[in-house]
Amino acid sequence: MKDLDIPDPADDFTADPVELFFDLAFVFAFSQLVAHLIHHPTWEGAGDGLLLFLMLWLPWTQFTWSANAVPGNRREVRLVILVATAASVPMAAGVTTAFGDGGPVFAIPLALITVLGLALLGMASETGSELHRAISSYAVPNAVTGALFIVGSFVDDGAVRRSIWILGLVVVVIGTVRAGSASWVLRPGHFAERHGLIIIVALGEVIVAIARPVVEGLEEGAGLPSESVLSLVAAGAFAALLFWAYFDRPQHAFEHGSATREGRERTEYARDVYTYFHAAIVAGIILAAAAVEEAALHPAEALPLEYRTMLFGGLVLFLLGVLGGVARAYRVIPPERLVAIPVLAAVIYLGADLDGMVLLLLVDAVLLAVLATEYRRIEVPAAGGTPGTRVPTRE
């Protein structure tokens, strides 16, 4: 790949369509995760879901770093990403059976995709350069992790399989911590765009959760009772509020934080904000989607405790992921989002006897109040001449 034309590290670019094509398999994988959570609404099921999500996050984030260094509009790059996309389909299909007979179907393609991502990253470096040494060093823990994933997938004992896979994640996390000391190629605009797109993919699962009751009701000839319509409105508003809570200000703030840093400082920042905190944001959306689907399917019934816990846990992960990213970028914590956590806990757990649609409407009201209050604190005082805690946005 010596003839591959690599843009200057200072040049930025937008995501290539092949990168969006790669994300399609993760639409399927996230949908499978939601199905797993709905069918296993227990602490063990949630723990397994978290483990599976983190394993899925590994190849996605690896390819994001790789495509950030090597633009996807090159034929060689597109070929690698297309091969990875083909491999990601069985990986996604194996999510719900990963702890059973589908373990190898899930783990082997996952390991292959990670290797392809590293190979793609290698295209951006010259032999003997600092970046090439960093990639070679980072490849070692990834190879160990891939081997552990594959070996674990053939172990029949579920507890042992989980332990081996967790060990693999620990190894690769240690590798990412060590890798942060190097100066990697990082283009802020592309990185922000790619992570915004995976947020949209996750929010798509909330939309699917909204649509399923409509489809089932119409197929059964039952039509759509008024409570179902109201629950769909509440679920749609929930998805829109999460979208606003990320894209109105934090996404651009994260990009600005990356653009104002250089070298190793930028690498460490991107690792923390995007690889770590965005994992929490996406996981939170997926967890909440499972609860929203249950509420939409049974709008006139109280939401069971396990699903209320999923809803609260998902919102906490989402809020803390954004909070962590903002704190890492600007050393400030938006107080409204922090206060929202105990308020949501009170609404969700004290509302045990409320119908699912009513509970969702109350959660929407809390989120709307949080975003409106935050807007007034940041925008209105600044417009009136009194400094507010401002972070960048695109007007």
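Student: How many nonpolar, polar and charged residues line the second largest cavity?

Tutor: The lining of that cavity has eight nonpolar residues, no polar residue and one charged residue. Ala, Val, Leu, Ile, Met, Phe, Trp, Tyr, Cys and Pro count as nonpolar, Asp, Glu, Lys and Arg as charged, and the others, Gly among them, as polar. This is a predicted model, in which local features need pLDDT of at least 70 and side-chain atom pairs count only at pLDDT 80 or more, whereas totals for chains, interfaces and linings use all residues. Residues are numbered from 1 along each chain as its sequence is written, and side-chain values use heavy atoms, with hydrogens and water left out.

Student: Which residues form that lining, and which helices supply at least two of its residues each?

Tutor: The lining consists of Leu241, Leu242, Ala245, Phe318, Leu319, Arg337, Leu367, Val370 and Leu371. Arg337 is the charged member, because Arg belongs to the charged class. Helix 8 (226-247), helix 11 (305-330) and helix 13 (356-383) each supply at least two lining residues. A helix here is a DSSP run (H or I, at least four residues), numbered from the N terminus; strands are runs of E of at least two.

Student: What makes such a space a cavity rather than a pocket?

Tutor: On a 1 Å grid over the protein atoms alone, a cavity is a set of points where a 1.4 Å probe fits but cannot get out; a pocket is an open set with protein on both sides within 12 Å along at least five of seven lines, and lining residues have an atom within 4 Å of a point.

Student: How many helices and strands does the protein chain have?

Tutor: The protein chain has 13 helices and zero strands. Of its 395 residues, 54% are buried.

Student: Why is Ala279 called buried?

Tutor: Ala279 has 8% relative accessibility, so it counts as buried: buried means under 20% relative accessible area, exposed over 50%, and partly exposed in between (1.4 Å probe, protein chains only). Ala279 is in helix 10 (residues 263-297). Not counting residues up to four places away in sequence, Ala279 touches Phe53, Trp57 and Tyr274, where contact means heavy atoms within 4.5 Å. Ala279 and Thr61 are 218 residues apart in sequence, with their C-alpha atoms 9.2 Å apart.

Student: Why is Phe21 called partly exposed?

Tutor: The relative accessible area of Phe21 is 40%, so Phe21 is partly exposed. Phe21 is in helix 1 (residues 17-39). Leaving aside neighbours within four places in sequence, Phe21 is in contact with Leu82 and Thr85. The C-alpha atoms of Phe21 and Leu82, 61 residues apart along the chain, are separated by 8.1 Å.

Student: What makes Arg331 exposed?

Tutor: Arg331 reaches 77% relative accessibility and therefore counts as exposed. Arg331 is in the loop between helix 11 and helix 12 (335-350), and has a positive phi of about 55° although it is not a glycine.

Student: What describes two packed helices, and at what angle do helix 2 and helix 5 cross?

Tutor: Two packed helices are described by the angle between their axes and the distance between the axes. The axes of helix 2 (residues 43-69) and helix 5 (residues 130-153) come within 13 Å and cross at roughly 145°. Axes are lines fitted to C-alpha atoms, for helices over the stretch in contact, and angles run from 0 to 180 degrees between N-to-C directions.

Student: Which residues of helix 2 and helix 5 meet?

Tutor: Met55, Leu58 and Gln62 in helix 2 meet Tyr138, Asn142, Thr145 and Phe149 in helix 5. By class, this contact has four nonpolar, three polar and no charged residues.
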